Amino acid sequence: MFPFHRSQLLIFALALCLALAAASCGRPAFVSLKPLDDVGFSFSSQQTIQQLEPTKQEVLELVKAVKGGISESSCVDLVRIARGQKRHFAEGDAVAALHAAGIADPAILELARLRQIESWSGEAQAIRLTGPSDRVILAVARRRAAGQSVPAGTGLAHMKDAGVSEDTIIELVNRGITDNDAESVAWRKKRGWKDEQILRDFPGKS
């Protein structure tokens with residue numbers, strides 16, 4: 001057996017250190033899930049979250065979401081959706097605001113899939129005033145996600161407050177009405193127009 005020279009030993013030690021460093025870089029840093037435990041997350045849900053390799057900030061965002069009323073299972077799904085979009089979950093305050101506005105978890109999850117959480121959270125207060133249904137909100141969100149014209153939450157609220165039916169509002173949304181159109185619809189309805197008359201006045205836009 002040949003003895004190693006000092007230079008060879010140094011090279012070997014350096015190579016070993018580099019290999020160990022590379023191996024440690026490949027492992028995600030440990031993130032404590034105690035904040036989730038503190039707000040009542042079950043052990044099985046914590047395990048699922050751990051498998052998704054959350055960041056410390058994501059854990060804090062999840063705490064905001066669950067404190068805002070989002071269910072434990074929906075919180076897990078929100079992280080899964082974010083992973084499918086190759087990003088981190090960062091909308092804890094936004095989903096809590098949507099829940100407070102009366103939007104149900106399944107609709108919130110669909111908004112997340114459409115990447116429309118943030119655009120709706122700013123309108124949560126307007127939505128809460130008269131409460132357009134989740135069906136209406138999702139009809140608008142799908143058009144927004146496709147880059148098509150839609151009325152804002154205030155316009156939806158004004159139409160509902162004026163007495164326009166949900167089915168008519170959804171049909172008008174699908175026809176591409178704008179904010180100005182929504183106000184015109186509300187004005188007509190308050191003056192006794194029937195929904196059928198309103199629909200005739202707002203055919204689909206080309």
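From the N terminus on, the elements of the protein chain run α-α-α-α-α-α-α-α-α-α-α-α-α-α.

Student: What kind of model is this, and how are its residues numbered?

Tutor: This is a predicted model, in which local features need pLDDT of at least 70 and side-chain atom pairs count only at pLDDT 80 or more, while totals for chains, interfaces and linings use all residues. Residues are numbered from 1 along each chain as its sequence is written, and side-chain values use heavy atoms, with hydrogens and water left out.

Student: How many helices and strands does the protein chain have?

Tutor: Helices (H or I, at least four residues) and strands (E, at least two) are DSSP runs, numbered from the N terminus. The protein chain has 14 helices and zero strands.

Student: What describes the packing of two helices?

Tutor: Two packed helices are described by the angle between their axes and by the distance between those axes. The axes are lines fitted to C-alpha atoms, for helices over the stretch in contact, and angles run from 0 to 180 degrees between N-to-C directions. Here helix α7 (residues 105–113) packs with helix α10 (residues 134–145) at an angle of about 0°, and their axes are 10 Å apart. That makes α7 roughly parallel to α10, a term for angles under 35 degrees.

Student: Which residues of α7 and α10 make the contact?

Tutor: Contact means heavy atoms within 4.5 Å. On α7 these are Ala107, Glu110 and Leu111, and on α10 they are Asp134, Ile137, Leu138, Ala141 and Arg142. They divide into five nonpolar, no polar and three charged, where Ala, Val, Leu, Ile, Met, Phe, Trp, Tyr, Cys and Pro count as nonpolar, Asp, Glu, Lys and Arg as charged, and the others, Gly among them, as polar.

Student: Is Arg115 buried or exposed?

Tutor: Buried means under 20% relative accessible area, exposed over 50%, and partly exposed in between (1.4 Å probe, protein chains only). Arg115 is exposed, because its relative accessible area is 52%, whereas Glu53, with 47%, is partly exposed. Gly192, in the loop between α13 (179–190) and α14 (195–201), is exposed at 56%. Across the protein chain, buried residues make up 41% of the 206 residues.

How values were computed. Parallel < 35°, antiparallel > 145°, perpendicular 65-115°, else oblique.
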